Amino acid sequence: MTRTSVVRLLRLLSLLQAPRDWTGPELAERLDVTARTVRNDMERLRELGYPIDASPGVGGGYRLGPAAVLPPLLFDDDEAVAVAIGLRTAASGAVSGIEESSVRALAKLERLLPSRLRHRVGTLASTTVALPGSEPPVDAAALTAIAAACRDNERLRFDYRTHDGADGPRVTEPHRLVASGRRWYLLAWDLERDDWRTFRVDRIVLRPPAGPRFAPRDMPDEDVAARISSGLARAMWAYRARVVVNAPATEIAARLPAGITVEPADDDTCIVEVGSDDPSMLAVYLGMLGADFRIDETANPELADHLRTLAARYTRATDTGS
């Protein structure tokens with residue numbers, strides 16, 4: 001093929017990667033060629049391994065279909081940088097089993113990146129430090145299976161370990177996967193509880209196969225985010241407390257992450273629902289609110305003990321002996 005033909009094929013492939021159907025005349029006009037040339041170029045792409053679907057008729061056209069093997073892809077600048085950043089994140093080990101393949105794919109991509117894009121990716125890598133996390137990595141195969149069930153609207157059966165260590169079977173209609181920090185969560189309709197539930201993916205043990213199919217329930221993405229945030233702030237933690245804070249709700253809400261419930265009690269007092277996997281960390285966290293607070297010691301004896309320990313330690317730290 002001539003250089004002109006190669007350039008035209010690359011332009012054609014770039015157009016076909018858009019999620020729509022293209023008619024022959026539309027492509028011919030875009031490429032400034034005849035409809036016959038478009039047909040010939042489609043055959044060349046098929047020979048190169050690209051699955052070109054063609055539907056006849058007035059409403060028909062060409063579309064890039066799924067392939068039996070992965071053919072070369074075209075990325076614009078922002079897409080290439082996004083893929084490189086995603087591969088760096090995957091290589092850090094948030095998802096188990098794909099670290100090595102992520103590093104290999106990143107090495108291949110960076111070799112092909114133009115210097116301007118390599119500089120953008122390198123700048124981000126050189127100025128970013130990943131803190132070591134204590135969260136268990138997510139199994140890549142499980143994550144893929146859950147994502148497929150969400151996509152195909154197939155029921156998921158799995159065993160689930162709650163934050164208090166209890167294990168039990170669940171039958172769900174999976175809706176969305178959500179990543180928060182180094183953790184993955186599944187939002188699904190729990191058939192036994194007849195309500196939405198949030199599940200940590202690292203606590204899920206799948207019981208294949210998936211199915212049967214179900215009609216998906218409508219929930220906008222913003223509602224998904226709000227429900228997950230609320231679950232992270234309260235139900236997902238091993239230790240939870242309802243705290244009365246001697247400060248206005250608007251003042252305290254501005255100091256807390258989104259999703260933590262802050263209810264005004266009156267003009268000068270609010271109620272905050274907080275949680276943590278460790279009561280000692282929760283005690284430290286409450287001390288950083290910048291306001292006096294009270295807890296129900298009967299409902300939270302472990303947290304009360306940690307608060308007393310911290311209070312005594314801080315008192316000793318400032319005791320000059322005078």
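Student: How many salt bridges does the count come to here?

Tutor: The count comes to 20 salt bridges. The general idea is that side chains of opposite charge can pair when their charged atoms come close. The rule asks for a side-chain nitrogen of Lys or Arg within 4 Å of a carboxyl oxygen of Asp or Glu. Before we go on, note that this is a predicted model, where local features need pLDDT of at least 70, side-chain atom pairs count only at pLDDT 80 or more, and totals for chains, interfaces and linings use all residues. Residues are numbered from 1 along each chain as its sequence is written, and side-chain values use heavy atoms, with hydrogens and water left out.

Student: OK, which residue meets Asp190 in a salt bridge?

Tutor: That's Arg170, with 3.2 Å from N to O. This pair links distant parts of the chain: Asp190 sits in strand 7 (residues 183-190) and Arg170 in strand 6 (residues 167-180), 20 residues apart. Helices (H or I, at least four residues) and strands (E, at least two) are DSSP runs, numbered from the N terminus.

Student: Are Asp190 and Arg170 buried or exposed?

Tutor: Both Asp190 and Arg170 are buried. Buried means under 20% relative accessible area, exposed means over 50%, and partly exposed is in between (1.4 Å probe, protein chains only).

Student: Which residues are linked with them in a network of salt bridges?

Tutor: Glu192 and Arg193 join Arg170 and Asp190 in that network. The side chains of Arg193 and Glu192 meet at 3.9 Å, N to O. Glu192 counts as exposed because its relative accessibility is 65%, while Arg193, at 34%, counts as partly exposed.

Student: What about Glu297: which residue does it form a salt bridge with?

Tutor: Glu297 pairs with Arg308, and their closest N and O atoms are 2.3 Å apart. Here too, distant parts of the chain are linked: Glu297 is in the loop between strand 13 and helix 11, and Arg308 is in helix 11, 11 residues apart. Glu297 has a relative accessible area of 42%, so it is partly exposed. Arg308 is partly exposed as well, at 43%.

Student: Where is Asn300 found, and what does it touch?

Tutor: Asn300 lies in the loop between strand 13 (293-294) and helix 11 (301-317). Leaving out residues up to four places away in sequence, Asn300 touches Arg240, Ala241 and Ile295; contact means heavy atoms within 4.5 Å. Asn300 is buried because its relative accessible area is 11%.

Student: And how many disulfides are there?

Tutor: The count comes to 0 disulfides, a disulfide being a pair of cysteine sulfur atoms within 2.5 Å. As for cysteines, Cys150 is buried at 13% relative accessible area, and Cys270 is buried at 0%.
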